[in-house]
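User: I would like to learn how to read the features of a structural model, step by step. Please give the general idea for each feature and then the case at hand.

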Amino acid sequence: MVIAFAILLVLLFAGMPVGFAMMLVGFIGTAAVYNWNWTAAIALVGIEPYSQSSNYLFVTIPLFVLMGHFTFASGISREMFAAARAWCGHWRGGLPTATIGACAGFSAACGSSLATAGAIGTITIGEMRERGIHPGIATATVAAGGAMGSLIPPSISMILYGLIADQSIGRLLMAGIVPALMLIALFILTILIIAWFYPQRMPRMAKLPLRDRIHATRGVFGITMLTLLVLGGIYGGIFTPTEAAGIGALGAFIIVIYRGRGLRISVLNSALRSTLETTCMIFIILIGAHVLNVFLAATRGPAELAAWVETLGLSPYVFFALIIVMYIVLGTFLDALAMIVLTVPVLQPVLMNMGFDMVWFGVIAVLVMEMAIISPPVGMCVYVVKGVAKDVPLHVIYNGIWPFMGAMVILVAILTVFPQIALFLPNLMYN
């Protein structure tokens, strides 16, 4: 198993797509386990693509992705920022705070960190800089706000984790609510602290009349109701996550039409094409992960790893700390979805033997993966923001990221000491 992972890392560093790299290692490894019986390996590669892609539960993924692309096509991201700016733009640090609010709202309708960073960044970075916000603060706020999209329900990362770890998607999505709200609050607190010490970097805007603020909020009413319908339906047991994803995609399409954008065939074509590309990428990763996992099961690697860790006598929280470090390192060259399918099947037996709750760990894992996608040297969200603000050097963005990273570390520590914070709502609703 160690040799297989070493080869996998070499292939990844060489630039091979993660799904194909896992599939290749699993294919060759399976043949090696069975005395170079290529028939078994070929049968595995022939069976897994269909068995995984035909799983009804996986329909949730493309439908939520489609909902996100319709949401993006509707142009709702601009209204999200306008509404948040109207209510808190007059604070010291109000525009970055509004950006965090817009990221939270868009993430709840989109479920993708990178899409959130790209959509909100296109709208907010220019305006923040025009109004005197420091470029490092403006770009870092968008990167951090986009990263938290993986935690806010409905989260593609949470859904994929639930499918891989065989955990209730409803419980996972519900477990992410309180930590997501805490992360939003910590980010806003971080901005206010920076504004307190560096007021010249965050000038105020004029305060709008109440009537104008209410008017600015009307534009987000439809998507807010759709998000509440989707999440409320799942939590209330009215429909399954797959049915909720279908309702969300249909509702987002209706919003596109209502906003006058659905009459252009190019909008529909772009949303469907982007959904197809994203879904194909996710499914290739899933198929590759399952081919690799069959090989790992044949080697009994995960079980032997669990037994070996027990012989080390490590404290569960020492092992947990090592996992956090591992995720941050992996995040320098893998995205969150790849990290989930690559690591969870291997770590799950060890974590369960140590008594960790897998729903709680799902929240922690997604949160740490959010840290990874904004951490240097290769934070994927940072590069998305860099693509929007091409004239801002990477080191300026990363300098602005550190306070937000600190806020995420604080949240990880709180959830580690008080796991019931994440488990309170799932236990309340499902027990």
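User: Which residues form a nonpolar patch on the surface, and how much accessible area do they have together?

Analyst: This is a predicted model, and every value below is computed from it. The nonpolar surface patch consists of Met 16, Phe 20, Leu 24, Ile 28, Trp 36, Trp 38 and Ile 42, and together they have about 670 Å² of accessible area.

User: Which elements give two or more residues to the nonpolar patch?

Analyst: An α-helix has 3.6 residues a turn, so residues three or four places apart point the same way. In this model, helix 2 and helix 3 each give two or more residues to the patch. Helix 2 gives the most, with three residues. Trp 38, a member of the patch, is found in helix 3. Its relative accessible area is 39%, so Trp 38 counts as partly exposed.

User: How many aromatic pairs does the model have, and how is such a pair described?

Analyst: A pair of aromatic rings is described by the distance of the centres and the angle of the planes. In this structure the count comes to eight aromatic pairs. One of them joins Phe 27 and Trp 38: the ring centres are 5.5 Å apart and the planes stand at 40°, so the pair is tilted. Phe 27 lies in helix 2 (residues 18-33) and Trp 38 in helix 3 (residues 38-53), so this pair ties together parts eleven residues apart in sequence.

User: What are the centre distance and plane angle for Phe 70 and Phe 253, and which parts of the chain does the pair link?

Analyst: For Phe 70 and Phe 253 the ring centres are 5.2 Å apart and the planes are at 45°, so this pair is tilted. It links distant parts of the chain, with Phe 70 in helix 4 and Phe 253 in helix 14, 183 residues apart.

User: What is the span of helix 14, and which elements cover its buried residues?

Analyst: Helix 14 covers residues 241-258, 18 residues in number, and reaches 25 Å from first to last C-alpha, close to the 26 Å expected at 1.5 Å a residue. Its buried residues are Pro 241, Thr 242, Ala 244, Ala 245, Gly 248, Ala 249, Gly 251, Ala 252, Ile 255 and Val 256. The cover over these residues includes helix 4 (60-73), helix 10 (169-175), helix 13 (221-235) and helix 15 (265-299).

User: How many salt bridges does a search of the whole structure find, and which residues form a salt bridge?

Analyst: Side chains of opposite charge can pair when their charged atoms come close. The search of the whole structure finds one salt bridge. Asp 391 forms it with Arg 129, and the closest N and O atoms are 2.9 Å apart. Asp 391 lies in the loop between helix 20 (380-388) and helix 21 (394-417), while Arg 129 lies in helix 7 (residues 113-130), so the pair ties together parts 262 residues apart in sequence. Asp 391 is exposed, at a relative accessible area of 54%, and Arg 129 is partly exposed, at 29%.

User: Where does Leu 151 lie, and is it buried or exposed?

Analyst: Leu 151 lies in the loop between helix 8 (135-147) and helix 9 (156-165). With a relative accessible area of 1%, Leu 151 is buried. Leaving aside residues up to four places away in sequence, Leu 151 touches several residues, among them Met 158, Pro 179, Leu 183, Val 363 and Leu 367. The C-alpha atoms of Leu 151 and Leu 183 are 9.2 Å apart in space, and the two residues are 32 apart in sequence.

User: What is the phi of Asp 166, and where does this residue lie?

Analyst: Most residues other than glycine have a negative phi. Asp 166, although not a glycine, has a positive phi of about 55°. Asp 166 lies in the loop between helix 9 and helix 10. Its relative accessibility is 70%, so Asp 166 counts as exposed.

Technical notes. Residues numbered from 1 in each chain as written. Predicted model: local features only at pLDDT ≥ 70, side-chain atom pairs only at ≥ 80, totals over all residues. Heavy atoms only, no water. Helix = DSSP H or I, 4+ residues; strand = E, 2+ residues; numbered from the N terminus. Expected span 1.5 Å × (residues − 1). Buried < 20%, exposed > 50% of the residue type's maximum accessible area, 1.4 Å probe, protein only. Contact = heavy atoms within 4.5 Å. Phe/Tyr/Trp six-rings, centres within 6.5 Å; stacked < 30°, edge-to-face > 60°. Patch = residues over 30% accessible without salt bridge, like charges linked within 9 Å, V, L, I, M, F, W, Y side chains within 5 Å. Areas by Shrake-Rupley, 256 points an atom, 1.4 Å probe, with all protein chains shown as cover. Salt bridge = Lys/Arg side-chain N within 4 Å of Asp/Glu carboxyl O.
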